[in-house]
Amino acid sequence: MSVRKLYLDASIGEQRGVVTLDGRPERLLIERDGDAAATRLGARLAARVRKVEPAFASAFLELAGGLEALMSYKPDERPVQGQLLEVEVRSEPRNGKLATVRAIGPAEGQPRVIAPAPGLADQLRAFAKDAEITGGRVAREMADRAEAEALEVFHPLPGGGDIAIEPTRALVAIDVDLGERKGPDAKRVTRQANLTALSESARLLRLKGLGGIVILDLVGRGHDGNALMTTARAAFGPDNPGVSIGPVGRLGTMELSIPRRGRAVAEILNGPDGQPTDLTLALRLVRGLQSEGEVQTGARLTAACTPAVAKLAQPLIAQLADRMGARFALSPDPAWPRERVEVRAQ
């Protein structure tokens with residue numbers, strides 16, 4: 001029986017929630033100070049209908065703070081331009097696309113947040129109701145582990161082989177690779193690798209926050225379609241409702257459709273160039289100072305980084321000083337490698 005455990009790292013400037021499945025990260029939830037409350041998953045809002053598109057059965061809504069969202073509607077429930085509706089966020093904005101919402105009923109007043117999205121603790125409990133939430137240093141280390149795995153492309157498979165998960169603009173491509181297969185057990189090993197790849201793909205897609213159309217390129221030929229379908233239904237069951245699974249095609253691929261609800265982890269942590277943003281690096285720097293400060297109690301610590309990272313880290317370090325004392329300093333250096341953060345005792 002699978003066991004899920006919950007972790008919540010409440011760091012300066014950011015909270016990270018992790019769900020593990022049998023000891024391995026399965027979900028990573030990230031909430032940063034300053035995130036737009038009006039587009040968080042589960043938030044309930046008063047929104048004004050800005051434009052109706054009958055050809056697509058969709059409407060563009062104006063949210064609080066000048067934000068926008070997209071709402072689909074049934075033919076007999078077409079909204080009226082200018083109407084104020086109470087809505088709930090069903091998926092967060094991603095890759096330049098608007099958040100999507102569902103209508104609850106009419107509203108009054110001005111666009112605003114009626115009820116904020118559930119906090120990370122409540123979101124975590126929804127995945128494992130009876131599990132306790134672990135915090136502190138253990139949670140920070142688990143969140144770091146989850147973050148690192150979520151950003152990887154290649155992932156080893158238990159029992160041998162690996163899978164590569166690469167999102168594109170249109171879909172998510174997953175390639176199963178087993179290397180050279182010879183000997184009397186080759187067919188059995190290939191079959192097991194494909195079954196394992198389905199289970200691992202489900203876990204890793206949840207961890208990375210990826211969904212939409214997923215194409216899984218299986219290894220070998222002559223696949224056991226029934227076994228693969230049974231495994232896929234079990235592996236992607238936690239993503240329901242909304243999962244669609246197609247049979248294995250002639251070319252040895254399996255097509256799935258997975259609901260996308262939150263932002264991808266890579267989109268939160270990285271910029272358009274695929275590299276960590278200055279804010280991501282600043283938050284890592286502050287976590288490094290906090291971790292070292294907890295070990296070296298009373299020591300004065302200095303963090304070396306680029307000036308851009310130091311600018312964002314400075315107010316966060318002020319908050320850290322309120323918790324742990326004024327014993328942290330920054331050493332910005334224009335020549336310092338951008339992604340490198342080093343903490344040392346003075």
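This is a predicted model: local features need pLDDT of at least 70, side-chain atom pairs count only at pLDDT 80 or more; totals for chains, interfaces and linings use all residues.

Biologist: What is the order of the strands in the open sheet of four?

Modeller: Strands of a sheet pair through backbone hydrogen bonds, either parallel or antiparallel. Strands here are DSSP runs of E, at least two residues, and helices are runs of H or I, at least four residues, numbered from the N terminus. Two strands pair if DSSP finds at least two bridges between them. The order is β3-β2-β1-β10, with mixed pairing. β3 (24–32) and β10 (133–134) each have a single partner strand, so one side of each has no neighbour in the sheet. β2 (residues 14–21) pairs with β3 in the antiparallel sense over eight bridges, with E14 opposite R32.

Biologist: Which side chains of β16 are buried?

Modeller: In a regular strand the side chains alternate between the two faces of the sheet. Buried means under 20% relative accessible area, exposed over 50%, and partly exposed in between (1.4 Å probe, protein chains only). In β16 (residues 253–258), M254, L256 and I258 share one face and are buried.

Biologist: Which residues stand opposite S257 of β16?

Modeller: I213 is one, and S244 is another. β14 (residues 212–217) runs antiparallel to β16 and is joined to it by six bridges. β15 (residues 244–245) is also antiparallel to β16, with two bridges.

Biologist: How far is R327 from the nearest side chain of opposite charge?

Modeller: Lys and Arg count as positive and Asp and Glu as negative, while His and the chain ends are not counted. A salt bridge is a side-chain nitrogen of Lys or Arg within 4 Å of a carboxyl oxygen of Asp or Glu. R327 is buried but has no salt bridge, and the nearest such side chain, E294, is 8.3 Å away. R327 lies in the loop between α7 (307–324) and β18 (328–332). Its side chain reaches the backbone oxygen of M324 at 3.2 Å, and a polar atom of that side chain lies 2.8 Å from the backbone oxygen of A299.

Biologist: Where does R140 lie, and is it buried or exposed?

Modeller: R140 lies in helix α2 (residues 136–150) and is buried, with a relative accessible area of 5%. Contact means heavy atoms within 4.5 Å. Leaving aside neighbours within four places in sequence, R140 has contacts including D9, R287 and E294.

Key:
Residues are numbered from 1 along each chain as its sequence is written. Side-chain values use heavy atoms; hydrogens and water are left out. A polar contact is a pair of N or O atoms within 3.5 Å; within protein, one must be able to donate a hydrogen and the other to accept it, and residues adjacent in sequence count only if both atoms are side-chain atoms.
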